[in-house]
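I opened this model to learn my way around it. These are my notes, in the order I made them.

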Amino acid sequence: MRTDELVNMLATGAGAVPPNQAARRYATALASGVLGAALLMAALLGPRPDLAAAVLLPMFWVKLGFVACLATAGLLAALRLSRPGLRLTWVKGALAAPVLAIWLLAAVVLARTDAAQRAELFFGSTWNSCPLLVALLSAPAFAAVVWAMQGFAPTRLRLAGAAAGLVAGAVGALVYSLHCPELAAPFVGFWYLLGMLIPTAVGALFGPRLLRW
Amino acid sequence: MQRIEETDRLNAGEERLRSLLLRGLAGDAPAYRAFLQELSAHLRGYLRKRLAGLPDEVEDLVQESLLAMHNQRHTYDAGQPLTAWIHAIAKYKLIDLLRRRARRDLLTDPLDEEFDFASPADTEAADARRDLGKLLAQLPDRQRLPIVHMKLDGLSVAETARLTGMSESAVKVGVHRGMKALAAMVRGDA
């Protein structure tokens, strides 16, 4: 087939392209990711028994805010990386800001605590299960966000996979925080982050295979 | 001075191509055809420069990139420079091709070097070595027939549905999936 024949074929009956496909596809993916994580959490873990009291504590909302900010920044990164030729630019700052903020808060909290009690703030009582459970709850969102991204054209596949993994990790962490009894900033700033970085690393590892087009 | 004129000329080209694409995305068929025509000339020039050692691959890659850009035209963000979008896709396809060749060359000795190659002008649409028409014939009927009727014969969705006995939505899905399958075949995945 000659190239002008191909041009003819592509142009014939091409029709209009509906706008806002990215918003719709990602919204569907996020909704199913959150739903999947919530179902997994309800089936395996259940919400923390004192959730009604916990929502009155400021730290509960700080934790939720930290995760929500990372979810939003990750989503912005995923949206930009879904389109050829768009660079991350300021989104890098948006990704770093919540992490730096929680680390700063953790440093202040640790500095104002007796040396003997610092370890407890850092390890809490669930450090050994938190990252893995966050990663587990992120699995449905991981599949959903990768599906959303497959409808677009990422050209930097490792980075795009990592962004998809981060969004999924943040969704997992968001739902996990309704179960998790820990509220200390040093705990959240390390173990939650580690939990979210597991799907991020998986995304970076498998991005080139999952997202190729 | 000359530099400024050169930039102006490029900006004017970009602006023109961008407005053709935006009109095409809104459903203006002649504008979309003009966009693809200018795009293929632009791609030929872009890829010829970067595939100087592999002149035989240029037209194949022009076609592969055109097909990819058509299938992915919904990923263009109206706020971004069009050349950034075009070059990102062309580069992605170029790297993909070089990887494929590297893998193949590990298995077979590259003996197909040709040196006496007269290059046609960038605007002249050459023949590709890969025949998309033959690939099209390999698609299943539910994808091939909608593509043949709609995209080669220029029939409407309704006429194609009547002719094939498929529903109108099945016709649309068939065209969409068929074009993606064609791109996958070109890439060597299927």
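I began with burial in chain A: of its 213 residues, 45% are buried. I call a residue buried if 20 or more other C-beta atoms lie within 10 Å of its own, exposed if 12 or fewer, and partly exposed in between, with C-beta atoms placed from the backbone. This is a predicted model, where local features need pLDDT of at least 70, side-chain atom pairs count only at pLDDT 80 or more, and totals for chains, interfaces and linings use all residues. Residues are numbered from 1 along each chain as its sequence is written, while chains are lettered from A and ligands numbered from 1 in the order in which they are written.

**Chain A, overall.** I looked up the secondary structure and found 10 helices and 0 strands. Helices (H or I, at least four residues) and strands (E, at least two) are DSSP runs, numbered from the N terminus. The C-alpha atoms of chain A fill a box of roughly 75 × 35 × 30 Å along the principal axes. I then checked the contacts of chain A with a separation of 6 or more: 87% of them join residues 24 or more positions apart. Two residues are in contact if their C-beta atoms, placed from the backbone, lie within 7 Å.

**Helix 1 of chain A.** Which residues of this helix are buried? I noted A:Thr3, A:Leu6, A:Val7, A:Met9, A:Leu10 and A:Ala11, in a helix that covers residues 3-11. These buried residues pack against chain B, at helix 2 (29-50), helix 3 (58-71), helix 5 (132-137) and helix 6 (141-152). After helix 1 of chain A comes A:Gly13, with a positive phi near 65°.

**Where the chains meet.** I looked up the whole interface next. It takes 37 residues of chain B and 24 residues of chain A. On the chain B side, helix 2, helix 3, helix 4, helix 5 and helix 6 each supply at least two residues. That side divides into 18 nonpolar, 12 polar and 7 charged residues. Ala, Val, Leu, Ile, Met, Phe, Trp, Tyr, Cys and Pro count as nonpolar, Asp, Glu, Lys and Arg as charged, and the others, Gly among them, as polar. For the complex, the predictor gives an ipTM of 0.88 and a pTM of 0.87.

**B:Gly27.** I found this residue in the loop between helix 1 and helix 2 of chain B. Is B:Gly27 buried or exposed? It counts as exposed, because it has 12 C-beta neighbours inside 10 Å. Leaving out residues up to four places away in sequence, B:Gly27 touches A:Gly15 and A:Ala16.

**Domains of chain B.** An automatic or database domain assignment sets the bounds: domain 1 is 9-107 and domain 2 is 130-190. Their C-alpha centres lie 22 Å apart. The contact takes 8 residues from domain 1 and 9 residues from domain 2. On the domain 1 side, helix 3 of chain B gives the largest share, 6 residues. By class, I noted 2 nonpolar, 2 polar and 4 charged residues on that side.

**Confidence in chain B.** pLDDT is the predictor's confidence in each residue, from 0 to 100. Chain B averages 85, and 85% of the residues score at least 70. I marked residues 113-119 of chain B, where the pLDDT is below 50. Beyond near neighbours in sequence, this stretch has 4 contacts in the model. Where pLDDT is low, the predicted coordinates should not be read in detail.
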